[in-house]
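Me: Please take a close look at one residue in this model. Then set that residue in the context of the whole chain.

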Amino acid sequence: MTTTADVVVIGGGVIGASIAWYLAEQQQRTVLIEKNVPGQEASAAAAGILAVASGRARNGPLYRLKHASQALYPALVRELEERTGIDIEYQTVGVLDLIRTDADEEKYRQLYELRREQGYPATWLSADEVRRLEPSLTREIRGAVHFSGDHHLHNGKLAEAWIKAGEQRGVTVHTGSTVNEIRISAGRVTTVRVGDEWISANTVVIAAGSWSREVGEMFGLMIPVEPAKGQMLAIRATNVRHVLSWHDHYLVPRKNGDVVVGSTVEFVGHNKDVTLETIHSLIARSLDLIPALHSAPLSHFWSGLRPFSPTRRPILCRAPGLENVIIATGHHRNGIVLAPMTGKLICELITTGQPSMSLEPFALPREPLPPLPEGESPDEAD
Ligand SMILES: Cc1cc2nc3c(=O)[nH]c(=O)nc-3n(C[C@H](O)[C@H](O)[C@H](O)COP(=O)(O)OP(=O)(O)OC[C@H]3O[C@@H](n4cnc5c(N)ncnc54)[C@H](O)[C@@H]3O)c2cc1C
């Protein structure tokens, strides 16, 4: 059997869901293919922090993409919630970046000043002021910067709502399906096979998260994305009100009384084991910040595989040598905050050929990348 679509999207995480959502708004007949259950991989595993002011990207292309994406969220959340009745738990308490050392103080002084210049709400808090906001915090704290414009949400519910609302707009979702064969003619992919069905498509989008390299190989493409495992746990606690962040450790309060604690960045392939050593270390770091958590019940633990790109930015571009294939992956630690703008830009690229923001900084690297300058974060560009 052969069916016809304007666009086939491979991968049903938040990136694929967002692309399909914007395409359906433009009346594109869109088929989304997900090998398991949509939204259950990295998109469900995340902490759900929409970190822009509190994020590491300072003022370059990645920062601008995050800024634009964050701005789409309020209206998007409203619309998804209205259509689906799912509470996405979009919360407005902000992120507290904690200051405990001289080095923290220097780092956050610079970030605080930059964000104020950029017009973000940012407040420099003394130790007493932080503890007024978070009374259970350790006394060994010098202060914090409160980035009150950085929201957080329940990413699992976001993915669920996005898929459901996309279906309402006309997206066809194939669950438990993989593309196992493709046909190419004159530099274009003409059809893809899913089970016994052939789908003829004008455009194919690869949005398969940390599996994008493997999917790319089927198209003869080299997409240099690697899985970067993050282990997480949740505890039951009511004494954390804001997102608390110190170095790479964070605590994120959810509406149901869970506090999500994360995380690690591990390059161990597609291995999702959760280890005692890591859980132990996440617990120790949490107790170091909030000693009163020692009696909090453990709720659950999990891990997820972030799509890491060596460019340290997402890869959003046409595939070299295949004019109707588009790559949208490599969002690593920022896929939740970047999903709305990614979907919008990829939709514009497909429907008008002219995205409203340049995608040049998000091209596939042509050559191996040089080593990073000293002091730059290995996992996020500017
Ligand atoms: C522990 C952790 C914490 C995080 N915290 C945050 C955060 O606070 N804020 C933030 O912005 N980001 C965060 N992230 C990052 C964010 O979760 C990811 O960047 C984002 O979910 C990537 O979305 P995706 O759709 O590309 O990938 P995924 O959600 O992994 O989706 C890819 C989908 O493709 C499917 N697929 C794979 N191969 C095929 C195939 N052959 N055929 C069909 N389907 C296929 C998979 O089954 C999967 O469902 C975090 C990630 C982790 C792991």
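Predicted model: local features only at pLDDT ≥ 70, side-chain atom pairs only at ≥ 80, totals over all residues.

**Glu226 and its setting**

Reply: Glu226 is partly exposed: 19 other C-beta atoms lie within 10 Å.

Glu226 sits in strand S10, which covers residues 226–236. Setting aside residues up to four places away in sequence, Glu226 touches Phe267 and Phe308. Gly269 is 43 residues from Glu226 along the chain, yet their C-alpha atoms are 7.3 Å apart.

Now the wider fold. The protein has 9 helices and 16 strands. Among contacts between residues at least 6 apart in sequence, 76% join residues at least 24 apart. Of the 382 residues, 48% count as buried.

The overall dimensions come next. The C-alpha atoms fill a box of roughly 65 × 40 × 40 Å along the principal axes. The radius of gyration is 21 Å, which agrees with the value near 21 Å for a compact globule of 382 residues.

Then the interior. In soluble globular proteins, nonpolar side chains tend to be buried together. Here the largest nonpolar core has 114 residues. Helix H9 (residues 335–351) gives the largest share of this core, 10 residues. Domain 1 (2–84 + 155–225 + 310–362) and domain 2 (95–150 + 227–308) both contribute residues, so the core lies between them.

Val8 is among the residues with the most contacts inside the core, as are Trp162 and Ile346. Beyond its neighbours within four places in sequence, Val8 is in contact with Val31, Ile33, Val192, Ile199, Ala201 and Val204.

Conventions. Residues numbered from 1 in each chain as written. Helix = DSSP H or I, 4+ residues; strand = E, 2+ residues; numbered from the N terminus. Buried ≥ 20, exposed ≤ 12 C-beta atoms within 10 Å, placed from the backbone. Contact = placed C-beta atoms within 7 Å. Rg over C-alpha atoms; globule rule 2.2 N^0.38 Å. Core = buried A, V, L, I, M, F, W, Y, C linked by C-beta atoms within 7 Å. Domains from an automatic or database assignment.
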